[in-house]
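Work through the exercises below with the sequence and the coordinates open. Each task is followed by a solution in steps.

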Amino acid sequence: MKSIYIYFLILPFFLTACNSSEPAGLHDAASNTKIALRSFSDTTKLDTFKIVLKGDEPKNMELVFTITPKGGHQIYTKTLKATALLDNYKESIDLAKKKEQLQFMREELSLFFDEENFIEPAVTESEKPDNNTPDKNFFEELKRTGLNGFKYRLGKESKVYIAWSEQDKKVKNYYECCK
């Protein structure tokens, strides 16, 4: 009698394992997604920062970065191609093998929302624009509004700093270094 009870306890686990609809070798989609909630387009509400690693081969992988305000529509989307990122690092990091390339892209995903990438506020009152400031008026707007910024890298030596423009009602670059 005990063996029948054990059988009925184990059977659902066995059936679930055997009937998995996910093909072998694929990851859980959640492991390829990172989300952070941060004040960005409004100092009193949290925006959703999301980064998704798409693709299964380095040649077709990409990081898709989006920002969506609470209760709103997406205000920013940027797609970073794996091939471009890998090309930027191939001289300084051994990325010859597919395994190393995949690991590099997973690390890019995991580090994307590091605390140092969130800049609060985007521009302080004492900061001065320089040659890497594409829009001096926007830089001054950020000083007045006190909104936060975010930075991400396009390559080993190239970073983009973005913030919300209250005036233009869109996300804009306020600093770019070093192309």
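**Exercise 1: a covered strand**

Strand S3 (residues 62–68) is mostly covered, with six of its seven residues buried. Buried means under 20% relative accessible area, exposed over 50%, and partly exposed in between (1.4 Å probe, protein chains only). Strands (E, at least two residues) and helices (H or I, at least four) are DSSP runs numbered from the N terminus. The model is predicted, so local features need pLDDT of at least 70 and side-chain atom pairs count only at pLDDT 80 or more, while totals for chains, interfaces and linings use all residues. Residues are numbered from 1 along each chain as its sequence is written, and side-chain values use heavy atoms, with hydrogens and water left out.

Task: state which strands S3 is joined to, and by how many bridges.

Solution. 
1. Two strands pair if DSSP finds at least two bridges between them.
2. Strand S2 (residues 46–54) is joined to S3 by seven bridges, and the two run antiparallel. Here lysine 54 stands opposite glutamate 62.
3. Six bridges join S3 to strand S4 (residues 76–81), also in antiparallel direction.

**Exercise 2: an open sheet**

Task: give the strand order of the open sheet of four strands and name its edge strands.

Solution. 
1. The order is S5-S6-S7-S8, and the pairing is antiparallel.
2. Strand S5 (118–119) and strand S8 (170–177) are the edges, since each pairs on one side only.
3. Within the sheet, S6 (residues 149–153) and S7 (residues 159–165) run antiparallel and share five bridges. Glycine 149 has alanine 163 of S7 as its bridge partner.

**Exercise 3: two helices**

Task: classify the packing of helix H2 (residues 82–89) against helix H3 (residues 98–111).

Solution. 
1. Axes are lines fitted to C-alpha atoms, for helices over the stretch in contact, and angles run from 0 to 180 degrees between N-to-C directions.
2. The angle is about 105° and the axes are 11 Å apart.
3. Angles under 35 degrees count as roughly parallel, over 145 as roughly antiparallel, 65 to 115 as roughly perpendicular and the rest as oblique. H2 is therefore roughly perpendicular to H3.
4. Contact means heavy atoms within 4.5 Å. H2 contributes Ala82, Leu85, Leu86 and Tyr89, and H3 contributes Gln101, Phe104, Met105 and Glu108.
5. Ala, Val, Leu, Ile, Met, Phe, Trp, Tyr, Cys and Pro count as nonpolar, Asp, Glu, Lys and Arg as charged, and the others, Gly among them, as polar. The contact residues divide into six nonpolar, one polar and one charged.
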